[in-house]
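My notes are below the display.

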Amino acid sequence: MTVTLADVAARARVSPATVSRVLNGNYPVAASTRERVLRAVDELDYVLNGPASALAAATSDLVGVLVNDIADPFFGIMAGAAQHAIGEGAPGRAGGEKLAVVCNTGGSPERELTYLTLLQRQRAAAVVLTGGAVEDADHIAATAAKLARLADAGTRVVLCGRPPVPAAGEAVTAALTFDNRGGGKRLTEHLLTLGHRRIGYIAGPAERTTTRHRLEGHRAAMEAAGLGGQSLDRLTVHGRYDRRSGYDATLELLRRDPRLTAVVAANDTVALGACAALRDQGLRIPDDISVAGFDDLPFSVDAVPALTTVRLPLYEAGARAGRLATGTEAPPPGGIATIGGELMVRASTGRPAS
């Protein structure tokens, strides 16, 4: 038999209206009464009617977490941490839990907007957008408008690993951005300090903010060392953030300059592909050529040789985004926090052979 609101009220010895107030959290209720109602809910295994509750309240108990690719550890780590933090609000107690739903966009700007629309229809309590954004004027405008409508309906909007959305204004509750420029600059400066001058760079998709910022950091270090100009453009190859792209781009870089002494990859997965291509060409790492990645994904330290990379606190950032989404952590001053990366020097980089 289906348990009703009236059954819970009878068990807790309160009125149905009081049960409704406790579950919806829209009216002050004495702590002892609240505890009695929640205990009755647990004992009877009462399930709140989510859609009906969402219609009655401003928002539902749903939190959407948007990722480009859940199979990519970069996104999987952040999404998992956010989901864990979102579920910590009131574990095992009715009326306080939030349901985190991971939405995999596949890197499609259109799919991202579709998910935002669906979450708006569900009156989502919060939306967390992870990873870099697409730098397209029409998409930026459409995203800003969509986020504004979500915020107007009471949805918290949190960006994690993504820069603020132009024109979104106060629609965004908080933006946690990674210092991709600074990390890219420090990584290339490390190679320059070792004596490398012929450095190839494998960038991600040209339209992504993460790609541009990391590449800008690399270029800033090269230009400061007097190594800018056409040679810098010639030794930059764009591709996807995957292993195959790293493999193919490395072969292209070697074709453009067989005397390369180092390769910097857009992320650690791309770096693994670069290492495979170099081995297939009979080159030793780092004796003949150095390789560096970015993100410090879990496998980086176990690669052979272990990857020099920039460590981003992905789990910590995801967990913080989850707390911001549920309102258990206050937004940073100005709504924006920049999270730095740590240079991890390992065996895949060394001084170039004379």
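The entries that follow go from the helix to the loop after it and then to the rings.

Entry 1, ground rules. I am working with a predicted model, in which local features need pLDDT of at least 70 and side-chain atom pairs count only at pLDDT 80 or more, whereas totals for chains, interfaces and linings use all residues. Residues are numbered from 1 along each chain as its sequence is written, and side-chain values use heavy atoms, with hydrogens and water left out.

I looked up H13, residues 314–326, taking helices (H or I, at least four residues) and strands (E, at least two) as DSSP runs numbered from the N terminus. Its 13 residues reach 19 Å from the first C-alpha to the last, close to the 18 Å expected at 1.5 Å a residue, where the expected span is 1.5 Å times one less than the number of residues. I then listed the buried residues of H13, which are Leu314, Ala317, Gly318, Ala319, Ala321, Gly322, Leu324, Ala325 and Thr326; buried means under 20% relative accessible area, exposed over 50%, and partly exposed in between, with a 1.4 Å probe and protein chains only. What covers them includes helix H5 (73–86) and the strands S1 (62–67), S3 (126–130), S4 (156–160), S5 (174–178) and S11 (336–339).

Gly327 follows H13 and has a positive phi, near 80 degrees. In the loop between H13 and S11 I found Glu329, whose side chain makes a polar contact of 2.8 Å with that of Arg320 and another of 2.8 Å with that of Arg323. I counted as polar contacts pairs of N or O atoms within 3.5 Å, where within protein one must be able to donate a hydrogen and the other to accept it, and residues adjacent in sequence count only if both atoms are side-chain atoms.

My search of the whole structure gave 2 aromatic pairs, with rings of Phe, Tyr and Trp (its six-membered ring) pairing if their centres lie within 6.5 Å, and planes under 30 degrees apart counted as stacked, over 60 as edge-to-face and the rest as tilted. Phe74 and Phe75 pair edge-to-face, at 5.0 Å centre to centre and 80 degrees between the planes. Phe74 and Phe178 are also edge-to-face, at 6.3 Å and 75 degrees. Because Phe74 lies in helix H5 and Phe178 in strand S5, this pair ties together parts that are 104 residues apart in sequence. I noted that Phe74 counts as buried at 6% relative accessibility, and Phe178 at 7%.

Definitions and conventions. Contact means heavy atoms within 4.5 Å.
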